[in-house]
Amino acid sequence: MPGIYIHIPFCSQACHYCDFHFSTSLKIKNRVISCINKEIKLKKTYLKDPLIESVYFGGGTPSLLSSKLINKILSSIRSSYKLAQNVEITIEANPEDISKNKIDNWTQMGINRLSLGVQSFRDSDLKYMNRSHNCNQIISALDLLISSKIDNISIDLIYGFPQLTDSFWVDNLNKAIKFNVQHISCYCLTVEKQTPLYHFIKNGTAKPLNPQQGASQFLNSKEILKNNGYIHYEISNFSKPGFESVHNRNYWNRSHYIGIGPSAHSYNGTSRQWNLSNNTKYCESIENNRSYYNVEILSKKNIINEYILTNIRTSNGIDLKSLSSYMNNDEYKRFKNKMSELMQSDFLTIHKDKLLLSEKGMLFADSISEDLFII
Ligand SMILES: C[S@@+](CC[C@H](N)C(=O)[O-])C[C@H]1O[C@@H](n2cnc3c(N)ncnc32)[C@H](O)[C@@H]1O
Ligand code: SF4
């Protein structure tokens, strides 16, 4: 089920924790979008006859583009690729960009899913994160969205930072649930190197994070969202039945995808490639028909380890039968030994030939995957 990911590398303000690729200077915005439209054509033959099931505008902040520019990109996609009849088209949006006019334009051009970057319903948390919106703007945006034609709305929330007590976190979850949105993503704050938050913690102007707090708030999310009809289909993602994100599912299923725009990644089953993470260099290369990406040919080991890393995070888990068919006897024997050790320590369980993380295991997904990797 192939998908297209479009990276819009602009934000109005830099959040203190974010290390995604974006620029707060919009000077070359139109130039980048022209190059994105050119790249859409250039990648036409990257996958063989793909029927596109998901188009995802991510970033950065796609919602800060005018509807005209978003429409231009969608028109380029439609003229170069065949879209499935029920294609999921998502746009990531920040609350301050939402207006009735924009929502109407987006629905008219076929956008049928919206992911809103709420992060917290408390103004002091939004200040700590250096978000560009306040709580009133979140409420206005959600009021407009839930009365609009878009019936697949997702909210992003962040937990695990010092001033967010468990009771504040539960309050945030309950506020999100009250809007009866179809999908909620809960991310545990990670301190990424090179971000302002990393430096604030290093120089003592911000408190370090407490992993115990992250673990406890993860368990809060699991329990509260489950009790309110949300399925926990991946470590950070919850949805009402039937509203799992096609874009996310494709990524974990290792479906092939075409990534367009600065820093975007593409995957075709045998190789992975990633575009230059610099807006000007990306444009210069695209405009002058020079190479604008790096490529890595994936070895069998890369493919198996990526399968383990992505699938262990999902509620479908790792299919042991199909995994064993990719490994040689020694590899599978080592994998089974590691698996038994981790099961004995209550990090993993097996259900119908599927290997799953236990509740305890979900708190250590990355290190458990590493233990299971073939070497
Ligand atoms: C990169 S943003 C793009 C969408 C949009 N600009 C927004 O902020 O919502 C996607 C999601 O990643 C989350 N995110 C980025 N860096 C993170 C970090 N270090 N820890 C946890 N979540 C993070 C953001 O908060 C957001 O919900
Ligand atoms: S979290 Fe979103 S809005 Fe904030 S800097 Fe990152 S991409 Fe931009």
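This is a predicted model: local features need pLDDT of at least 70, side-chain atom pairs count only at pLDDT 80 or more; totals for chains, interfaces and linings use all residues.
Close-up 1. Tyr332 counts as buried because its relative accessibility is 17%, and buried means under 20%. Phe335 is buried too, with a relative accessible area of 1%.

**Close-up 2. Aromatic pairs, with Tyr159 and Trp169 as one of them.** The count of aromatic pairs comes to 10. In the pair of Tyr159 and Trp169, the ring centres are 5.1 Å apart and the planes stand at 45 degrees, so the pair is tilted. Tyr159 is part of strand β5 (residues 153–159) and Trp169 is part of helix α6 (residues 166–178), so the pair ties together parts that are 10 residues apart in sequence. Tyr159 counts as buried at 5% relative accessibility, and Trp169 counts as buried at 0%. For Tyr332 and Phe335, the centres lie 6.0 Å apart with the planes at 10 degrees, so that pair is stacked.

**Close-up 3. A cluster of tyrosine rings.** Tyr251, Tyr257 and Tyr267 are linked into a cluster by ring pairs.

**Close-up 4. Charged ends over the rings of Phe168 and Phe347.** The charged end of Arg122 sits over the ring of Phe168, at 3.6 Å from the ring centre. Over the ring of Phe347 sits the charged end of Lys360, 4.5 Å from the centre.

**Close-up 5. The surroundings of ligand 2.** Cys11, Gln13, Cys15, Tyr17, Cys18, Phe22, Gly60, Thr61, Asn94 and Arg131 surround ligand 2. This shell is made up of five nonpolar residues, four polar and one charged.

How values were computed
Residues are numbered from 1 along each chain as its sequence is written. Chains are lettered from A and ligands numbered from 1 in the order in which they are written. Side-chain values use heavy atoms; hydrogens and water are left out. A residue is near a molecule or strand if one of its heavy atoms lies within 4 Å of it. Ala, Val, Leu, Ile, Met, Phe, Trp, Tyr, Cys and Pro count as nonpolar, Asp, Glu, Lys and Arg as charged, and the others, Gly among them, as polar. Rings of Phe, Tyr and Trp (its six-membered ring) pair if their centres lie within 6.5 Å; planes under 30 degrees apart count as stacked, over 60 as edge-to-face and the rest as tilted. Helices (H or I, at least four residues) and strands (E, at least two) are DSSP runs, numbered from the N terminus. Buried means under 20% relative accessible area, exposed over 50%, partly exposed in between (1.4 Å probe, protein chains only). A charge sits over a ring if NZ of Lys or CZ of Arg is within 6 Å of the ring centre and within 35 degrees of the ring normal.
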